[in-house]
Amino acid sequence: MEKGKSVVAELAASFSDVRVTPHQNPKPKSFLPSPSFYSFSKKAKPRKLVSLCLGTLGQHLEDIITDISEFAALFPPHIKLAIMSIARRRRLLNDEVLTSLAESSWEILDISGSDVTDAGLATVANVCSNLRAVDISRCDKITTAGVSEIVCHCPSLEILRCGGCPRSEVTARRCLNLLKPKLNTLEGDSWEELDTLDIGGGAESLRWLVWPKIDDNSKETLAAECPRVTVNPQPSLFDLSGSKVPVEALASIPLDHSVVEDINPKTWAVSAAPRRPVAPPNPNAPPEIPIAERFRLAYVEREARLAPKRAKRERQQRRRAERDYMMNDIDARSIALAAQASRNLRKS
């Protein structure tokens with residue numbers, strides 16, 4: 001394990017020396033090109049050295065995940081984000097891993113399908129106050145308390161992804177009140193008399209809500225009370241208001257797609273256990289017994305094994321019933337006592 005830590009330290013040092021230029025790691029554009037564009041670009045140029053190193057690190061992430069807090073500080077923020085994305089895909093992301101890697105410069109947070117709880121989400125919300133896109137879909141352990149922390153501590157939140165599993169669907173419905181604007185004062189007699197500062201609370205900066213299985217009631221509520229929020233936007237150049245739909249608001253694209261775009265997908269493919277070599281069948285071996293016959297033989301064997309125990313239990317129950325009958329019935333008790341007295345007389 002010490003050798004593995006030294007290797008990680010060397011990788012971290014190499015990452016810190018790498019300066020990512022704008023053309024090397026471009027920001028995600030507002031409109032996503034067609035999938036053929038990505039496939040063509042991936043085939044046209046080789047992977048970056050940083051991506052190859054991350055792929056090697058990600059393939060052995062299970063071996064170092066327990067000590068992630070010891071060397072997480074050695075990595076720059078964008079490498080931490082990539083490690084977190086790989087950990088999520090390998091089903092290794094939890095509160096400890098997330099809080100160890102969290103950086104204040106992060107703008108996106110994708111913890112979908114992970115084991116992160118409200119406590120971990122609250123910690124990250126306090127650290128990463130610049131988040132503008134968050135994905136909590138398919139998270140069974142996140143409730144309205146965790147979403148409330150994100151809404152309160154991340155004033156730049158523009159995109160929120162939720163739903164995807166029964167528990168997350170319930171959480172999404174219960175979070176509707178957190179997204180509605182609230183009044184800070186009730187001194188005015190009408191809405192016209194209220195100042196803009198009097199209307200606060202709620203997710204004021206939220207513009208895009210990705211909730212694929214939203215129910216009709218929730219959709220109507222958002223349309224009536226949160227008209228600024230667009231639910232489940234479709235990929236297009238412009239929406240009705242004339243603004244572009246960001247890539248992070250498209251349900252068909254993972255939120256952290258741009259983070260791991262250049263990393264080999266085999267990195268997070270959980271390898272199955274190696275198959276044992278199957279010996280060739282022996283022609284002289286007896287034929288294999290069908291599964292139904294195996295169950296029948298097992299049942300017969302079990303019945304033969306339990307038969308003596310059942311007979312003994314029946315004898316005990318019969319003697320117990322006879323004893324209870326003798327103790328409770330007066331005539332039977334007198335007959336028994338008379339028989340016992342006659343036996344004693346004959347012996348004397």
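What follows is a set of questions on terms and the values behind them.

Mentor: This is a predicted model, where local features need pLDDT of at least 70, side-chain atom pairs count only at pLDDT 80 or more, and totals for chains, interfaces and linings use all residues. Residues are numbered from 1 along each chain as its sequence is written, and side-chain values use heavy atoms, with hydrogens and water left out.

Trainee: What makes a stretch count as a helix or a strand?

Mentor: Helices are DSSP runs of H or I with at least four residues, strands are runs of E with at least two, and both are numbered from the N terminus. The chain has 14 helices and 7 strands.

Trainee: How do you know that β6 and β7 pair?

Mentor: Pairing requires that DSSP finds at least two bridges between two strands. Strand β6 (residues 208-210) and β7 have 2 bridges, in the parallel sense, so they qualify as a pair by that definition. Leu209 has Val231 in β7 as its bridge partner.

Trainee: Why are β1 and β7 called edges?

Mentor: The open sheet holds 5 strands in the order β1-β2-β3-β6-β7, with parallel pairing. β1 (108-110) and β7 (230-231) each have a single partner strand, so one side of each lacks a neighbour in the sheet.

Trainee: Why is Arg47 called partly exposed?

Mentor: Buried means under 20% relative accessible area, exposed over 50%, and partly exposed in between, with a 1.4 Å probe and protein chains only. Arg47 has 34%, so the residue is partly exposed. Arg47 lies in the loop between α2 (35-44) and α3.

Trainee: Which residues does Arg47 touch, leaving out those up to four places away in sequence?

Mentor: They are Leu52, Asp262, Ile263, Asn264 and Pro265. Asp262 is 215 residues from Arg47 along the chain, yet their C-alpha atoms are separated by 6.2 Å.

Trainee: How much of the chain is buried?

Mentor: Buried residues make up 34% of the 348 residues.

Key: Contact = heavy atoms within 4.5 Å.
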